[in-house]
Amino acid sequence: MRSWITVQKVKAMKNKKVAIRLNNVSKRFGHNPAVNQLNLDIYEGEFLTLLGPSGCGKTTLLRMIAGLESVSDGKIYLNEIEVTNLAPQKRNLNIMFQDYALFPHMNLIDNVAYGLKIAGYSSSERRARATEWLKKFGLLEKAEQRPNAISGGQRQRVALARCLITDPSALLLDEPLSALDANLRLQLRTELRKIHVEQGKTFICVTHDQEEAMALSDRIAVLKNGYLEQVGSPEELYDQPKSEFVATFFGRSNLWPAKISNGKALLDDGTLIDIAGQWADGSKVKLVMRPENFVISDEKHFDGKVTDVRIRGALAEISVVIFNLTAQVEISRNSQTVPNKGDFIGLKLNGPIPIVPVP
Ligand code: ATP
């Protein structure tokens, strides 16, 4: 369920200034479309993630924002000024690449100070500012070392410091955690989020990892085949997906076919389910039932037979066959008694269930 704080945060975000506006942006490589008529406002200070499967166009979009890729159609605005054809170095954006692209022959202080050198700052000013950033990121004692002498997490911080030292209006991050092993990824997610909050800058991130996107982002733009499928907070995308693609992309769900009848969803066996939102009578839809939407109860919507039980710490995952469908159910072991394989149980659905259209 969406927390009150997040709802307030997303509302506040909508009152904020638009930092980057994509207006009907398309990109074609030859005849092949990579990004299609994409409209998106990115607000000042938000962490927005471009998410989607491989080849959906997210890197191309990030590169168009950075000015590293030309735009086939449409316009890009930074702080209300059109920059569609402006050179990358004139956009006041910085991009952090997947491999961090640190200079191996330079020590950390020179790596961090590099952007200031290009901008024409004096050597003493560069050193003083880079020292400040290394201190801020807890790397001062490593200042004279080279990138290959520090850990993956430390390299990430050096790369971030190098991008932030020039005070860009937004920072673009291309798969910022993918070069790291699984444990470090989890740790650095939290760190990246913390740095974002501290800096208060607009961060635009590309990833194909939905869990990572959920943990990092204020909003996520989900792309599919170069089209923007849905944009919203992590809670909105999980609780109110607009399509089967988004419903299955975030978390697990039981997608059951139904037909709308008198404002409810009618299943094949005649069960009527309360649904979220208003749908025209007769529409063919799918119910998006998350495993945690089910409760074992005698006040039931369904009867079913337990065909499998898997214990996952405090949770139990249960497979239940209900007429011609199987429900994947998740219950808390603290609050409910876990049934055994072969038991017949009643299942109740919690709350109105989101619906997606059948294309
Ligand atoms: P991944 O997660 O695999 O990096 P992505 O979502 O970032 O994928 P893009 O790299 O933006 O996707 O690619 C989108 C489409 O454009 C793909 O079909 C890709 O093959 C194509 N494409 C990308 N760059 C070029 C290029 N320079 N020349 C031709 N086609 C390209």
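Domain bounds here come from an automatic or database domain assignment.

**View 1. Two domains on one predicted chain.** The protein chain splits into domain 1, made of 7-92 + 168-244, and domain 2, covering 252-357. Residue numbers start from 1 along each chain as its sequence is written. Since this is a predicted model, local features need pLDDT of at least 70, side-chain atom pairs count only at pLDDT 80 or more, totals for chains, interfaces and linings use all residues, and side-chain values use heavy atoms, with hydrogens and water left out.

**View 2. Where domain 1 and domain 2 touch.** Here 7 residues of domain 1 are in contact (heavy atoms within 4.5 Å) with 9 residues of domain 2. Together the two domains bury about 620 Å², meaning the accessible area (1.4 Å probe) that two parts lose on being put together, summed over both. Carbon and sulfur atoms give 50% of that area. On the domain 1 side, Tyr238, Pro241 and Glu244 supply 79% of what domain 1 buries against domain 2, more than any other three residues.

**View 3. A salt bridge between Lys286 and Glu244.** The closest N and O atoms of this pair sit 3.2 Å apart. A salt bridge here is a side-chain nitrogen of Lys or Arg within 4 Å of a carboxyl oxygen of Asp or Glu, and the rule finds 1 across the interface of domain 1 and domain 2.
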